[in-house]
Amino acid sequence: MAPAEETPSVSPAPEEVPFELPEGDPIELPAWLPNLLRGLAMGAVVLAIVWFLVRLWRARVRLRRVTAVAPTGEAVEVVDLDEEQFADTVAETVERLRGGMAVQGAVVECWRRLEALAADTGIRRHLAQTAHEFTLEVLSRTTADPHAISQLADLYRQAMFSTHALTEADREHAVAALEELSGQLRGAS
């Protein structure tokens, strides 16, 4: 007799048992945890903004450096100090003061012309320098005595920012200081 073919047997599907939570009190999260998570999220946002601003600032500074540097990578500083021009400006101011021009106007005009001459030298002005500080730095590169430069700067500050009118004594002081500075600048040329 031929053996009977065995039919595969299928085992019955297991019974589905519903999931049951363990018995006991549910776990409670501390009340401060949501506040902590919000604080961490806000801190991450603030850090991302600061990081972005720092990168933006660095890119801006890098761009300035590129424009302030020659293509060879060397700083460009064309120092063409024409002391004769500085001396002419100071001498013209002396003439105006002797001709009766107001002391404040003559000294301020003189200083502004010196600022323009300083800017034309090609010396690079630092970002934090005022025009006054820059002009003092350029004048300090001349052969003029630092004391004479200081006197001229004091005259300018007094003429520009003083609340009282300058007198004839101030005029004589200005003429003497400017003549000394002009003589020193011309003596070197």
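Val45, Ile49, Trp51, Phe52, Leu53 and Leu56 make up a nonpolar surface patch with about 650 Å² of accessible area together. Areas are Shrake-Rupley with a 1.4 Å probe, and only the protein chains shown count as cover. This is a predicted model, where local features need pLDDT of at least 70, side-chain atom pairs need 80 or more, and totals for chains, interfaces and linings use all residues. Residues are numbered from 1 along each chain, and side-chain values use heavy atoms, without hydrogens or water.

**Patch**
- Trp51 sits in helix α1 (residues 33-67); helices are DSSP runs of H or I, at least four residues, numbered from the N terminus.
- Because its relative accessibility is 56%, Trp51 counts as exposed (over 50%; buried is under 20%, partly exposed in between).

**Core**
- The largest nonpolar core has 33 residues, and Phe86, Leu97, Val107, Trp111, Leu114, Leu178 and Leu181 touch the most other members; a core joins buried Ala, Val, Leu, Ile, Met, Phe, Trp, Tyr and Cys through side-chain atoms within 4.5 Å.
- Helix α3 (103-120) is among the suppliers of at least two residues, and α3 gives the most, with nine.

**Helix α2**
- Buried residues of α2 include Phe86, Val90, Val94 and Leu97.
- Gly100, with a positive phi near 105°, follows α2.

Definitions and conventions. Patches are made of residues with over 30% relative accessible area and no salt bridge: like charges are joined within 9 Å, nonpolar side chains (Val, Leu, Ile, Met, Phe, Trp, Tyr) within 5 Å. A salt bridge is a side-chain nitrogen of Lys or Arg within 4 Å of a carboxyl oxygen of Asp or Glu. Buried means under 20% relative accessible area, exposed over 50%, partly exposed in between (1.4 Å probe, protein chains only).
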